Amino acid sequence: MRLAPFPTPTVSVTVMNHTRPERRQGPSLVRGGLVPESTHDQRLLDRRGPTGWLHEDPWRVLRIQSEFVEGFGALADLPPAVTVFGSARTGPDSPEYELGVKVGSGLAKAGYAVITGGGPGVMEAANKGALEAGGVSVGLGIELPHEQRLNDYVDLGIEFRYFFVRKTMFVKYASGFVALPGGFGTLDELFEALTLVQTRKVTSFPVIMMGVSFWSPLIDWIRDTLLATGKVSPQDAELVSVTDDPDEAVRIILEADRRAPTQ
């Protein structure tokens with residue numbers, strides 16, 4: 001004997017002399033024209049339906065969740081790490097590229113894994129320095145409209161769809177940030193890191209800007225405009241260190257680690 005389907009019941013409510021259908025859908029309540037003709041189970045089990053749901057927001061939530069799970073799983077066993085940012089447009093013959101190599105090498109020799117965005121330019125330089133110094137070299141790539149592969153100096157590479165998932169990985173597994181000269185992406189990551197430190201979302205987290213001549217105008221603007229007009233406090237203006245010396249950058253991170261409370 002075949003059993004008749006038992007759909008979620010639809011009832012009716014009367015409001016201001018108008019009768020409207022009403023249905024409970026999990027934690028949601030829908031009424032009137034929002035009540036669908038079928039139930040979630042019916043649509044799930046109907047193989048004839050359209051595939052547009054693959055591109056709708058509820059399904060994206062699962063993709064986002066899977067990216068977090070994959071990222072956490074892949075990076076959980078890293079040694080202490082430092083995230084290095086910088087321009088993808090920096091040429092391999094430039095002083096900034098060489099500085100990136102020295103930074104990556106110095107961090108690796110101090111026992112840190114080096115995390116970058118995995119792309120070319122300064123990111124490649126830091127990965128190269130870490131790899132050649134015998135350290136762990138990590139690249140966290142991002143899907144972009146134009147093709148950009150992970151550079152050849154990455155030991156562990158992960159490609160992300162969503163910037164905000166990738167940003168979480170940059171912060172969660174790092175003991176500090178080093179920002180070399182870069183463009184909008186570098187500025188985005190730099191100010192996100194400073195905001196997290198300012199609001200104490202992360203603690204004992206040094207932020208270092210390397211390239212004094214490049215960053216000095218920005219530091220002047222922070223002090224002469226933001227601080228002068230009360231947009232930040234005096235201690236906020238001191239959250240970042242500026243240097244040209246890779247050894248000093250490593251020393252700042254090591255000292256911050258020594259001061260960090262043990263859990």
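Student: Which residues of helix 8 are buried?

Tutor: This is a predicted model in which local features need pLDDT of at least 70 and side-chain atom pairs count only at pLDDT 80 or more, while totals for chains, interfaces and linings use all residues. Residues are numbered from 1 along each chain as its sequence is written, and side-chain values use heavy atoms, with hydrogens and water left out. Buried means under 20% relative accessible area, exposed over 50%, and partly exposed in between (1.4 Å probe, protein chains only). By that rule the buried residues of helix 8 are Pro 246, Ala 249, Val 250, Ile 252, Ile 253 and Ala 256.

Student: Within what arc do the buried residues of helix 8 fall?

Tutor: An α-helix has 3.6 residues a turn, so residues three or four places apart point the same way. The arc is taken from the directions from the helix axis to the C-beta atoms. Down the axis of helix 8, the buried residues line one face because they fall within an arc of 155 degrees.

Student: Which exposed residues does the opposite face of helix 8 carry?

Tutor: Helices (H or I, at least four residues) and strands (E, at least two) are DSSP runs, numbered from the N terminus. Helix 8 covers residues 246-259. Its face turned away from the buried side carries Asp 247, Arg 258 and Arg 259.

Student: What distance does helix 8 reach from its first C-alpha to its last?

Tutor: The expected span of a helix is 1.5 Å times one less than its number of residues. Helix 8 has 14 residues, and its reach is close to the expected value, at 20 Å.

Student: Which residue caps the N-terminal end of helix 8?

Tutor: A polar contact is a pair of N or O atoms within 3.5 Å; within protein, one must be able to donate a hydrogen and the other to accept it, and residues adjacent in sequence count only if both atoms are side-chain atoms. The backbone nitrogen of Asp 247 lies 3.0 Å from a side-chain oxygen of the capping residue, Asp 245.

Student: Against which strands and helix do the buried residues of helix 8 pack?

Tutor: Contact means heavy atoms within 4.5 Å. The partners of the buried residues are helix 3 (95-109), strand 4 (81-85), strand 8 (177-179), strand 9 (207-210) and strand 10 (240-243).

Student: Is Ala 81 buried or exposed?

Tutor: Ala 81 lies in strand 4 and touches residues including Tyr 112, Ile 115 and Tyr 173. Because its relative accessibility is 0%, Ala 81 counts as buried.

Student: Where is Ser 87 found?

Tutor: Ser 87 has a relative accessible area of 15% and is therefore buried. A polar atom of its side chain lies 2.9 Å from the backbone nitrogen of Arg 89, and Ser 87 is also in contact with Met 123 and Thr 186, among others. Ser 87 sits in the loop between strand 4 and helix 3.

Student: Which helix gives the most to the lining of the second largest pocket?

Tutor: On a 1 Å grid over the protein atoms alone, a cavity is a set of points where a 1.4 Å probe fits but cannot get out, and a pocket is an open set with protein on both sides within 12 Å along at least five of seven lines; lining residues have an atom within 4 Å of a point. The second largest pocket is lined by 20 residues, with Gly 86, Ala 88, Met 123, Gly 185 and Thr 186 nearest its centre. Helix 5 (163-172) and helix 6 (184-198) each supply at least two residues of this lining. The most, five residues, comes from helix 6.
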